[in-house]
Amino acid sequence: DDAAGAARGASPSIAEEGAAPHCRCVDVSKERFRGMTKVMGDWRRSVRTKANVRPVTPTPEKFDPPSCCHLPSGEMPSLNDLLEPLRSYLREQTAREEELLNREPWKKYDPEYTRARRSILGLSADSLSAVMRRAERRQSSPPQHPDDVTHTSESHAQNRLDHFTSPSIAANAVRNTADTTGDVSSHLSHHLAFGTLSPRTVYRACRSNDDPEGCRWLIGHMEMRDYFMFYAWGEGADLFRLEKKMDDGGRRSAKNAREGGDRKGKQKQKQKQQKKKKKQREREPIQWKSPSSSSEARSQWVAWSTGATGLPLVDAAMTELHRTGHCSNRVRQNCASLLTKDLRLDWRAGAALFRFLLEDHETGANYGNWRYFSGVGHDPKERRFRTVSQARRYDPECAYVRKWMPALRDARSAEAVLRPWEYPEEMTDDAVEREGRYSAWRAPVVDPATQLTWHDTERVKETGLLVGDDGLSI
Ligand SMILES: Cc1cc2nc3c(=O)[nH]c(=O)nc-3n(C[C@H](O)[C@H](O)[C@H](O)COP(=O)(O)OP(=O)(O)OC[C@H]3O[C@@H](n4cnc5c(N)ncnc54)[C@H](O)[C@@H]3O)c2cc1C
């Protein structure tokens, strides 16, 4: 309530506005968020100055569902129950294929047949089964140590929070580097997503810490998480729109909202809106492709979704995601940038795949971040990453890529890990044996020289040279 009110520049009570009929406890109707600033920076600033974080609710001795909550009661579904629809789908598909191939064995070689095979998110039956096996393993294997980041229970969440907010860790986390130690970021996202940890608890732990300054960034990340949740509620079904809404008055800061009454404020707001609309018109609209629209789009999608793009940082990230259900924010951003800004494939397909694979999936965080990177959100920043130079900065020792890409583990030089397609001789015999398909590294799905950020384009215009800030060629 505080955050929504503060971000809107007012504090209307829910009772005054009338609660939505579907839930009388918390009004999450779109109406309630009308007028809330939708630009992350503005939202965070106004919430930070005006909203208070409430105390942590004491653990109740007994849980009585609130009377306003009309969820039907019943048995908690088991993992088996949840996986059954996918299992039966795969069983049916295999049976159908076997029957067809028994009748017409030559169909196996017919590209039309391969294309027509129904699949979920373009993933093979093997990939889908591997994700199910991961979930089963996670449930059956006991945690290895108390702060095992992969387990989801309240005590694990608390242990992890205590461990990470101990002064030496959170404060010294080198957050802009690849996570190969497990302590570069908090790994609290799945606890927050499952509700085994609350953002208020994180906030209190940071504030009561011996080194509150060192933990300040974690509070900032809680704000970011809240922003994406409020954003999702505010957007309603528009969260899933492919295109940007051109008539949107998204950049309406709380200050502007307050100023709305006086003429000067209104004029200023109008000018800002006009400027924004002009910018939007100038920006070339993205021609999104559906992953199933052509054979090229299909093969690009398969390369991206299975970690076979030829760009080691993205391939390592997608491999980690398939195997563990997690990867760091920076590599998620790189994957999103490649899919949307370079391949121009429908960002919602990427978000749907992430929803299937991520153990920390949250609709607001996932779809909000995807919108942000696709340039269809409200944030005026246009972000595009150069995968190779990102890898050079983020993973300078190449430890992350070597960890997830066995074929590159023994490559002799860092350059060969960054651009393996240019160094076929560096693929050692061991690597070829271990992972045959990587023996001749595939050409990347996009030429890294074409991954130009806005700054790059400006630099080329000015100097005619295509070099990064660090003076290295891109
Ligand atoms: C394309 C894309 C999809 C994403 N999907 C999800 C998702 O489904 N669920 C999810 O929790 N996060 C998502 N994120 C945000 C972010 O990647 C993860 O929260 C973070 O990597 C989790 O690791 P951590 O707990 O170690 O994060 P830390 O860096 O330690 O951050 C602490 C907490 O702050 C919150 N947080 C941090 N960054 C963000 C962010 N950009 N957006 C929202 N919350 C943030 C998370 O709750 C996180 O646990 C996504 C990011 C991108 C680019």
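## Aromatic pairs

Me: Is Tyr-227 buried or exposed?
Reply: This is a predicted model, so the answer is computed from its atoms. Tyr-227 has 4% relative accessibility, and the cut-off for buried is under 20%. That makes Tyr-227 buried.

Me: How many aromatic pairs are there?
Reply: Two rings pair up if their centres lie within 6.5 Å. Going by that rule, the number of aromatic pairs is 16.

Me: What kind of pair do Trp-43 and Tyr-227 make?
Reply: Their ring centres sit 5.8 Å apart, with the planes at 70°. An angle over 60 degrees gets its own label, so Trp-43 and Tyr-227 are edge-to-face.

Me: How many residues apart are Trp-43 and Tyr-227?
Reply: Trp-43 belongs to helix α3, residues 40-50. Tyr-227 belongs to helix α11, residues 216-235. This pair links distant parts of the chain, and the gap is 184 residues.

Me: What is the angle between the planes of Phe-164 and Trp-217?
Reply: These two rings are 5.8 Å apart, centre to centre.

Me: Which helix holds Phe-164?
Reply: The pair bridges distant parts of the chain, 53 residues apart. Trp-217 is in helix α11, while Phe-164 is in residues 154-165, which is helix α7.

Me: Is Trp-217 buried or exposed?
Reply: Trp-217 comes out at 14% relative accessibility. Buried means under 20%, so Trp-217 counts as buried.

Me: Which residues do ring pairs link into a cluster with Trp-43?
Reply: Trp-43 and Tyr-227 are both in this cluster. Alongside them, ring pairs bring in Phe-33, Phe-228, Phe-230, Tyr-231 and Trp-233.

How values were computed: Residues are numbered from 1 along each chain as its sequence is written. This is a predicted model: local features need pLDDT of at least 70, side-chain atom pairs count only at pLDDT 80 or more; totals for chains, interfaces and linings use all residues. Side-chain values use heavy atoms; hydrogens and water are left out. Rings of Phe, Tyr and Trp (its six-membered ring) pair if their centres lie within 6.5 Å; planes under 30 degrees apart count as stacked, over 60 as edge-to-face and the rest as tilted. Helices (H or I, at least four residues) and strands (E, at least two) are DSSP runs, numbered from the N terminus. Buried means under 20% relative accessible area, exposed over 50%, partly exposed in between (1.4 Å probe, protein chains only).
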